[in-house]
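Trainee: I would like to go through this protein step by step. Please show me the sequence and the structure.

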Amino acid sequence: MSGQHEGARRLRSRDWFDNAERMDMTALYLERFMNYGVTPEELRSGKPIIGIAQSGSDLSPCNRIHLELAKRTRDGIRDAGGIPIEFPVHPIFENCRRPTAALDRNLLYLGLVELLNGYPIDGVVLTTGCDKTTPSQIMAASTVDIPAIVLSGGPMLDGWHNGELVGSGTVIWRSRRKLSAGEIDEEEFLRRATDSAPSAGHCNSMGTASTMNAVAEALGMSLTGCAAIPAPYRERGQIAYRTGQRIVGMVHEDLRPSRILTREAFLNAIALVSVVGGSSNAHPHIVAMARHAGIELEPAIWQQHGYDLPLLVNMQPAGAYLGERFHRAGGVPAAMWELLQAGKLAQQPLTCTGASMADNLQGRESSDREMIRPFADPLMEKAGFLVLTGNLFDTSILKTSVISDEFRERYLSRPGHENVFEGRAIVFDGSDDYHHRINDPSLDIDENCILVIRGSGVIGWPGSAEVVNMQPPDALIRKGTQWLPTLGDGRQSGTSDSPSILNVSPESAAGGGLTWLRTGDTIRIDLNEGTCNALVEEGEIARRLSDDPEPPIPESQTPWEELFREKTGQLAEGGVMDFALKYRQTSRKLPR
Ligand code: FES
Ligand code: MG
């Protein structure tokens with residue numbers, strides 16, 4: 001029997017299941033799949049085979065909802081005339097892999113490329129949630145280039161503690177300071193943490209998970225309104241069903257990632273990150289997804305397309321609220337609607353719905369202006385990432401939306417020197433060194449210091465650790481200093497409210513300028529000029545480079561760590577494995 005679209009285009013799965021030249025192989029492929037309810041006739045009929053890349057497991061609690069949602073997705077696929085085939089991807093759980101779950105992003109990518117490329121899959125539903133589970137799967141779908149759609153798992157319900165909203169992650173960083181100040185005890189610290197995570201779902205603040213799922217939607221890779229629906233909500237199951245239906249249509253339309261992931265789509269995503277107050281981790285992940293799609297986003301693009309945009313979404317850590325209210329206020333489409341009206345969004349990019357981005361956003365204006373502010377009346381002007389350069393590194397970024405009034409007042413408001421800060425560097429070699437020495441009185445750390453961490457980059461840690469949001473010594477916190485300026489070649493959690501200079505590239509382990517920096521050097525940061533320099537003479541830098549030992553980095557502890565260190569590039573280039581970029585549209589050729 002022929003499928004209804006028979007004659008239009010032969011699907012790649014038929015080379016496995018209906019191959020006249022290799023009947024012996026076809027028979028082999030067919031016999032085992034029948035064990036769970038798929039008939040040989042069906043498999044040979046030309047119905048699209050739709051993979052469900054299952055990222056949920058007990059090791060991935062943020063994505064665990066997908067174990068349930070997949071049933072709805074299967075129904076959607078079946079009802080639209082497809083055959084669902086569910087398979088696992090490498091689990092990634094941010095918290096348990098702290099501080100370097102980034103190590104796993106490229107591992108999931110590699111594994112998923114092999115699965116999508118090597119099996120009879122015509123299209124795929126990418127189930128996403130926890131931070132890196134989104135970019136890694138989009139990267140893989142891009143390399144293979146079969147029709148792909150993102151199904152977010154959605155954030156947890158809002159967390160409440162003693163009548164206050166407590167956002168996952170954000171409450172940890174804030175409570176850690178209170179613990180150091182002696183304002184709360186460890187029991188209270190734990191209660192705050194557990195109260196922030198009241199249900200299934202990923203982080204409920206605008207951390208990396210919410211940011212990257214919003215980015216997937218802004219790229220046109222998921223159905224309109226998908227990203228922000230909380231995991232336990234009724235609408236989450238409904239969109240899982242509709243996503244399953246839609247991917248079957250995408251296969252018939254041959255709507256592949258290469259038609260969706262254009263330069264304009266990535267610029268739209270960068271703009272969205274600014275208005276939602278998104279995670280600084282969006283920086284390497286967007287660059288990585290773009291490079292796997294064959295698009296180079298030069299560092300300055302963050303400033304050109306993101307920095308001047310205002311903060312509109314009032315969500316922790318940059319704002320006050322959490323995911324449930326964001327969803328009720330209209331979610332990602334409402335935030336993008338503001339950009340569209342302001343002329344800050346490319347309208348034409350094609351999306352997975354089959355319509356343009358502008359068409360998807362019709363009628364999506366928010367009705368909750370406390371949660372999603374109008375473009376003309378934002379929470380903050382110029383709220384995107386500032387790109388800094390200087391003698392310590394070629395590229396770093398600063399997420400300006402989390403610069404608090406208190407921090408601005410203290411460090412960036414000297415009369416005649418607005419946005420300029422000079423401080424004494426305190427240099428740590430990795431996070432162990434930071435934890436051992438931060439409270440050492442002999443370092444004499446005061447309000448005029450800048451905390452620097454090196455050896456925490458892609459090669460240094462390895463994986464690039466989320467450690468740059470270093471808190472001041474306990475004694476300083478007790479005196480009322482919540483933040484010191486911080487700088488480092490690692491990353492930081494997207495839920496952190498620390499205005500750090502981070503994602504420094506090249507990192508010290510790759511010979512970057514942090515290598516020669518010493519405790520006691522003066523660092524000058526000029527946000528007007530976009531510069532960050534150590535005030536050290538050229539001759540002295542040369543002398544240190546020839547005489548001083550290189551900063552120590554820890555040994556690799558697993559085979560993957562060693563391979564990762566060999567093959568992975570710097571954060572400014574997305575932290576991708578450069579050799580992988582030459583593999584594009586691999587589904588065009590049948591696997592041997
Ligand atoms: Fe998984 Fe935040 S730890 S989403
Ligand atoms: Mg994180």
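Trainee: How far apart do the end C-alpha atoms of residues 370-574 lie?

Mentor: This is a predicted model, in which local features need pLDDT of at least 70 and side-chain atom pairs count only at pLDDT 80 or more, while totals for chains, interfaces and linings use all residues. Residues are numbered from 1 along each chain as its sequence is written, with chains lettered from A and ligands numbered from 1 in the order in which they are written. By DSSP runs (helices H or I, at least four residues; strands E, at least two; numbered from the N terminus), residues 370-574 are 19% helix and 22% strand. The end C-alpha atoms of this span are separated by 34 Å.

Trainee: Where in the protein is confidence lowest, and where is it highest?

Mentor: The predictor's confidence in each residue is pLDDT, from 0 to 100. Its mean over the protein is 94, and 98% of residues reach 70 or more. The lowest mean, 81, belongs to helix 2 (residues 23-33), and the highest, 99, to strand 4 (residues 148-152).

Trainee: How many residues of domain 2 are in contact with domain 3?

Mentor: An automatic or database domain assignment sets the bounds, giving domain 2 as 159-197 and domain 3 as 388-547. Their C-alpha centres lie 26 Å apart. Contact requires C-beta atoms, placed from the backbone, within 7 Å. On that criterion, domain 3 contributes 10 residues, and the number from domain 2 is 10.

Trainee: What ipTM does the model score?

Mentor: Two scores are given for the model as a whole. The pTM is 0.97, and the ipTM is 0.92.

Terms used:
Two residues are in contact if their C-beta atoms, placed from the backbone, lie within 7 Å.
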